[in-house]
Amino acid sequence: MKFPFRTALAASVMAIAVSAHAQAWPSKPIHFVVPFGPGGANDLVARYVAEAASRELGQPIIVDNKPGAGSVLGAEVVAKSAPDGYTFLAPAAGVITNAMIKKTMPYQEDDLVPVVLMAVSPSVIVVPPDSPIKDLKDLVAQSKKGKGLTFSTAGTGSTPHFVAAMLKYKGGAQLDIIPYKSGSEGVVAVIGKQVEATSEASPVVLPQMKGGKLRAIASTWNRRVAALQDVPTAEEQGFKDLVIGHWSGLFAPKGTSADILEKMNAAVNKALKSPELRARLIPQGIDPQGGSREDFRKFLAAEKGRLGPVAKAAQMQAD
């Protein structure tokens, strides 16, 4: 009878040890990989959320910027990382749209597992302050005169490119779409009047609007930007198909335990509800989101369903 007892005792001790190990996460610093350079809307959200979520988890969260290849480089790093709960990806829409416009990808779509939708920075369509364009209907009307209007983007497959494509293929605008290397460069081109309009994330254009260098004619999310309540949405102006935002989510490598994914989801959700974090995000035109892992999966499926036909109609192909 001694051996069965010893076997049962050993199994019990092992089960307790495994359970304690699982409950110990996180026991060291966590990394959020941002597949863009520092200073943009995505980087800003990742840093603010990382700081707040680290207090919930009791470990530092370090933000690593790994820009390149339209966000593919950083995504590949995370997709091929150990699924131990210490490396997460904090990307934007490129994590789903890159596969629509690139012939080959260095990882499979299911190599990244959705954890939580952190925030949305609505796109804001802007023109120079002295532009004759007053609203979206006016933009379409003006674009049909002469050679059309020039519209800058942050490059092929970027959110501004999708905005321009929606205006062109669903709104009837005649646009000459001009790609720049970044959204900031596209905005500078409008300020300098090299192009006539663009669309960028609210945190990027808001300071320029306050400085009188840009004027907004529409936002493109499903409700008005909290920091820009006087700017109507595209939907309010009759463009029901023009709904898109610069969203920022969190993904983990495939194989990460469900327990860890749920704990990270809970930590981010709690952080996003904190008055301190909301006070930092909302005034900059960033809309905190949150929700369950299933909510995020549904959001991604809806985005792919909407954006896929737009990419096809616009014949978007990676530069």
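User: What do axes and angles stand for when two helices are said to pack?

Analyst: Axes are lines fitted to C-alpha atoms, for helices over the stretch in contact, and angles between them run from 0 to 180 degrees. In this predicted model, helix α4 (residues 94–101) and helix α11 (residues 293–313) pack at an angle of about 35 degrees, and their axes lie 10 Å apart. The crossing of α4 and α11 is right-handed.

User: Which residues make the contact of α4 and α11?

Analyst: From α4 come I96, T97 and M100, while α11 supplies L300, E303, K304, L307, G308 and A311. Contact requires heavy atoms within 4.5 Å. By class, 5 of the residues in this contact are nonpolar, 2 polar and 2 charged.

User: Why does G255 count as exposed?

Analyst: Exposed means over 50% relative accessible area. G255 has a relative accessibility of 57%, and therefore counts as exposed. G255 belongs to the loop between β9 (245–253) and α9 (258–272). Although G255 and L112 are 143 residues apart in sequence, their C-alpha atoms are 9.1 Å apart in space.

User: What makes a residue part of the lining of the largest pocket, and which residues are closest to the centre?

Analyst: A lining residue has an atom within 4 Å of a point of the pocket. The largest pocket has a volume of about 990 Å³. Its lining has 45 residues, of which F36, G70, A154, S158 and K181 are the closest to the centre. At least two lining residues come from each of α2 (41–57), α4, α6 (159–169), α7 (183–191), β7 (197–201) and β9.

User: How many residues of the lining are nonpolar, polar and charged?

Analyst: The lining of the largest pocket divides into 20 nonpolar, 21 polar and 4 charged residues. Gly counts among the polar residues in this classification.

Conventions. Residues numbered from 1 in each chain as written. Predicted model: local features only at pLDDT ≥ 70, side-chain atom pairs only at ≥ 80, totals over all residues. Heavy atoms only, no water. Helix = DSSP H or I, 4+ residues; strand = E, 2+ residues; numbered from the N terminus. Left-handed = near helix turned anticlockwise from the far one by under 90°. Buried < 20%, exposed > 50% of the residue type's maximum accessible area, 1.4 Å probe, protein only. 1 Å grid on protein atoms, 1.4 Å probe; cavity = no way out; pocket = protein on both sides within 12 Å on 5 of 7 lines; lining within 4 Å. Points joined across faces, edges and corners; volume = space filled by probe spheres on them.
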